[in-house]
Amino acid sequence: NSITNFCDWRELFGNEKIINRGINGDVINGVIDRLDGILSSNPKKIFLMIGTNDLAEGNTIEKIISNYERLLILIKDKSPRTKLYVQSILPTFNDQKRNNEDIIAINKGLIDLKEKYDFTYVNLFDILKTERNELDTIYSFDGLHLNGKGYLILKKAIEQYVNN
């Protein structure tokens, strides 16, 4: 989605092998539709952050988790050697279409899928939230998307996985 797309991950990590496949407004089924093209390059690692737009489109928590599970099954079946990192959906601030309690529930659902599909779950929600479970506005320019400070926090959180 746009949170992934807005960052130049190659530059942030100084690694030309990183390919950013984020698309503004993307949803889980959009990733599924493009999955063959993504997996055709035989990626060693996939960092997956998707679902906030599914919530904004009015999908239920259960539907989002079900679609996510379908995506995980496809990745594992089509690219079993790829190391998968599922990143939590990020908190929002004052976003009417994305309730943070729903985001917490979806993230819990992702954690529940972790053992079944053998992926590393990266909790980014907690490092960007306030005590009220909202996106800390020092990390965002609009309550949804991250600013430079926010991306530096994400970098620090995933650096160990990118570089190993």
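1. In this predicted model, four elements each supply at least two residues of the lining of the largest pocket: α2 (9-13), α3 (28-39), β1 (45-48) and α8 (148-162). The space in this pocket amounts to about 930 Å³. Its lining comprises 32 residues, and those closest to the pocket centre are Ile18, Ile19, Lys45, Ile46 and Phe47. By class, the lining residues divide into 17 nonpolar, nine polar and six charged.

2. A search of the whole structure returns one cavity of 30 Å³ or more, and the largest cavity holds about 30 Å³ of space. Asn1, Ile3, Met49, Ile50, Gly51, Thr52, Ile89 and Leu90 line the largest cavity. Five of these lining residues are nonpolar and three are polar, with no charged residues.

3. The largest nonpolar core contains 26 residues, and the members with the most contacts inside it are Leu48, Tyr68, Leu71, Leu72, Leu84, Val86 and Phe119. Two or more residues of this core come from each of α3, β1, α5 (61-78), β2 (83-87) and α6 (100-117). The element that gives the most to this core is α5, with six residues.

4. Leaving aside residues up to four places away in sequence, Phe119 touches Leu72, Leu84, Val86, Leu110, Leu113 and Lys114.

Note on methods
Residues are numbered from 1 along each chain as its sequence is written. This is a predicted model: local features need pLDDT of at least 70, side-chain atom pairs count only at pLDDT 80 or more; totals for chains, interfaces and linings use all residues. Side-chain values use heavy atoms; hydrogens and water are left out. On a 1 Å grid over the protein atoms alone, a cavity is a set of points where a 1.4 Å probe fits but cannot get out, and a pocket is an open set with protein on both sides within 12 Å along at least five of seven lines; lining residues have an atom within 4 Å of a point. Grid points are joined across faces, edges and corners, and a volume is the space filled by probe spheres set on the points. Ala, Val, Leu, Ile, Met, Phe, Trp, Tyr, Cys and Pro count as nonpolar, Asp, Glu, Lys and Arg as charged, and the others, Gly among them, as polar. A nonpolar core is a set of buried Ala, Val, Leu, Ile, Met, Phe, Trp, Tyr and Cys residues joined through side-chain atoms within 4.5 Å. Buried means under 20% relative accessible area, exposed over 50%, partly exposed in between (1.4 Å probe, protein chains only). Contact means heavy atoms within 4.5 Å.
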